[in-house]
Amino acid sequence: MPLAFHRPNPDSGLMSANGMPRGGERVTAVLGPTNTGKTYLAIERMLGHSSGMIGFPLRLLARENYDRIAQLKGPHRVALVTGEEKIVPPNPSWWVCTVESMPLDRDVAFLAVDEVQLAGDGERGHVFTDRILHARGREETMLLGADTARPILRRLVRGVDVIQRPRFSTLSYAGPKKLTRLPRRSAVVAFSANDVYEIADLVRRQRGGAAVVLGALSPRARNAQVGMYQAGEVDYMVATDAIGMGLNMDLDHVAFARLVKFDGRGPRRLTAAEIGQIAGRAGRHMTDGSFGTTDLAHDLDPELVEAVENHRFDPLKAVFWRNTDLSFRSLGDLLRSLDAMPADPVLLRKRDADDHLALQALAREADIAALAARPDRLRLLWEVCQIPDFRKIMTDAHTRLLAQIYRHLTGPRERLPTDWVGTQVDRFDRVEGDIDTLVQRIAHVRTWTYISHRPDWLEDAGHWQERARAIEDKLSDQLHERLTQRFVDRRSAVLTRRLKDADGLIAAVNGPGEVLVEGHYVGQLDGLAFRPDANAVGEEMRALLAAARRVLPAEIASRVDRLEADEDTGFALGDDGRLLWRAAAVARLAPGRDVFSPQIEPLANDFIGGHLRLRIQARLGAWLGRRIGVVFRPLLAAQAAALSAPARGLVFQVAEGLGSMPSAAAASQVAALDANDRKTIARLGLKLGYRAIFMPALLKPAAQVLRAQLWAARQEIKFPELPAPCRISVPADAGVPQGFYAAIGFEVLGGRALRIDMAERLVAQARRLAAQGPFAASGELLALAGCKPGEIAPILAALGYRAVAAESGITFVPQRKARRPAAIAAKPDSPFAQLQAHFGKRAPPR
């Protein structure tokens, strides 16, 4: 049976005949500043009774004290009830709750409410006021809080006994300090996430790291951050005013980086009481504490300092209130009862509570208003409106979610569909994203954790409680990890401190190339290039680079020695034009005086001076020269041979083309060759084809790769993907740079790139077949073109043949000439005439 969270019914036995809550004659207010032992006293009193209940302002406080009491009395005797977590054994004696979740229909001997001064809080104050007015233990009631609540309590609670508790330790003002001069065990307080992150970044760079506490953190993540601080892993904390309540830490000093906060309506200065509540976290039990400001905030006024040091603050003049005697006869009656005015002028009507705003929004939807016509359905609508939006922004998305939930609960099954709930919950089971993304995701999941504790709304509520809690825990652990990674860096602190010392840094480079300085990873040495840790930024990056400059020059000089002495097998040329030494890039190719003489430029490196650069260039140049000499031996031999001027010019052009060139571009040189020239060229391995002049030896895969690399270096681009070594033809890619296919010995014909030796053979075979009349695309033609039957027509069209439909199928014939060959031949200086003079009527050589 679900627990009821509402004020006691007059007939429940908890209220007397005159309407005053029972136990009202024994209400005690224990008031005082922080560190006065109020909570300890209340728990001690509660455990002295046969039964009891205590309400805390925060879920994490409730959980912390539940764990303590359960360990002391046994978990079977203690219940935990919060909006997102319920552990209720059979017949518990003591109840530990959040204030909003106190099951006030339970009859307990003792009841306590912590931090009752929050009745003056604009967001939650009406809940605390309701507990002050109506929550009572059968034998004893205790209200805990700041002394500012004394006048309100005396006015609202008849016959209340007030006990003043003095602070155990002294809190004193230490004045302003720079962030970099704060003492260890300090907390810096700001009032926005951006300010907290900025300050935490600075503390990390300057002091090695900080724990981060924000109100938006889940309890698990917040506890993990506080635990890291408490364990001494960091000496600083950067937080919002979330540390001002309930987080008991070993703080010696609290520094305010900001004295203005946004309260939901606009920016305003902190009150003395708010400063006192936050500053009071410094100094625990008998240890004195101090407070002050940083250089980001102004100094505090002497009057304010005196008030904080002596815990004298302006009392609460009014508290927030909302009618709890609600009418569920109709939707209009419910809204009017929520708008009821208080009878006492010290009670301020709460106007903009999230549940009230949600009810107003849903009431404007006609179908929901119709569904809520019955009192029981109206009560259900009000319960749905109380589902919290832990993002604290009450967006339309949250209102739409509430509407969906209500429609499902008023549907035929009166339950939330299992598949729909699973879809909603699973959306948040992801750990990728930045800190803010994880915070938002956790807020969404916490809403579903709350819903999962309504067993009358869900099938197998226990499963969904476990599922939502598992996701929240996973996200919280990831959030803690992200916060720690971003804001905690002992490495920076160690390096900054050691760099100031005259002694040398202890450094090492391990096998995988990790650079360790003073035992901390600072980056990677890949070949001769140092890559600092990518997670380092700003001042931390400067510290890493400064440390690297101290320790790496000797190591890099040693590596240059090894590079010079290495065998040629240790070097390679990458596809991107970079020269590799033992698989690490150390230099790149750049345009040189010709295509076979590229310049070698060592990669930019702050640790390589001029003399080292020259040594690297010399060794890599020697290797590259030998590599080019091996691969291009036939072409280099042709260049060195004793040739006539026409032959020498032809070889020069072929060399410029890395081993091949179009025949039409060299028609004049070919026409000028005599018989001896042709024999010499053939002996050197140079083929004079109908469409191309080339060296077959330079069409092999190894030569093809080096041709592409040298061409790309000349063009200062990265070359595209090469055809596979076994491919003689590939679809031509229109996106490749102009000249690429020619540079690697391919020609584009009809949308395909053909290796030029196969293109020559294809031309010769087509000419032989055409001489006999129309011909079909035989298997031999397809094999020479390296294509499928449907791809041959465009290739042959590029070679001067057109397709003709015949009874036997598609055949090919030479294309009609727009001009007669004789007319062309009449121009002896044309490239066609020069080629015709060379080949005559015969077919080109295969």
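Predicted model: local features only at pLDDT ≥ 70, side-chain atom pairs only at ≥ 80, totals over all residues.
Visitor: At what angle do helix α6 and helix α16 pack?

Guide: Helices are DSSP runs of H or I with at least four residues, strands are E runs of at least two, and both are numbered from the N terminus. Axes are lines fitted to C-alpha atoms, for helices over the stretch in contact, and angles run from 0 to 180 degrees between N-to-C directions. Helix α6 covers residues 219-230 and helix α16 covers residues 461-487; their axes are 8 Å apart, and the angle is about 35°.

Visitor: Which residues of α16 does α6 meet?

Guide: Contact here means heavy atoms within 4.5 Å. From α6 come P219, R220, A221, A224, Q225 and M228, and in α16 they meet E472, D473, S476, D477, L479, H480, L483 and T484.

Visitor: How many aromatic pairs are there in the whole structure?

Guide: Rings of Phe, Tyr and Trp (its six-membered ring) pair if their centres lie within 6.5 Å; planes under 30 degrees apart count as stacked, over 60 as edge-to-face and the rest as tilted. Searching the whole structure with that rule gives 10.

Visitor: What kind of pair do F596 and F632 form?

Guide: Their ring centres are 4.9 Å apart, with 70° between the planes. Planes over 60 degrees apart get their own label, so this pair is edge-to-face.

Visitor: How many residues apart in sequence are the parts that this pair ties together?

Guide: F596 lies in the loop between β25 (584-590) and β26 (599-602). F632 lies in the loop between α19 (610-631) and α20 (633-640), so the pair ties together parts whose separation in sequence is 36 residues.

Visitor: Is F632 buried or exposed?

Guide: Buried means under 20% relative accessible area, exposed over 50%, and partly exposed in between (1.4 Å probe, protein chains only). F632 has a relative accessible area of 0%, so F632 is buried.

Visitor: Which residues form one aromatic cluster?

Guide: F740 and Y741 make a tilted pair, 5.7 Å centre to centre with 55° between the planes. F740 is buried at 1% relative accessibility, and Y741 is buried at 11%. The cluster is made of W711, F740 and Y741.

Visitor: Which residue lies over the face of Y229?

Guide: A charge sits over a ring if NZ of Lys or CZ of Arg is within 6 Å of the ring centre and within 35 degrees of the ring normal. At 3.8 Å from the ring centre of Y229, the residue is R185.

Visitor: Where does A257 lie, and which residues is A257 in contact with?

Guide: A257 lies in the loop between β13 (253-256) and β14 (260-262), and counts as buried at 0% relative accessibility. Leaving aside neighbours within four places in sequence, A257 is in contact with V188, V189, I199, T294, L296 and A297.

Visitor: Which strand holds T294?

Guide: T294 counts as buried, at 0% relative accessibility. Leaving aside neighbours within four places in sequence, T294 is in contact with K177, L179, V188, A255, F256 and A257. The strand that holds T294 is β16.

Notes
Residues numbered from 1 in each chain as written. Heavy atoms only, no water.
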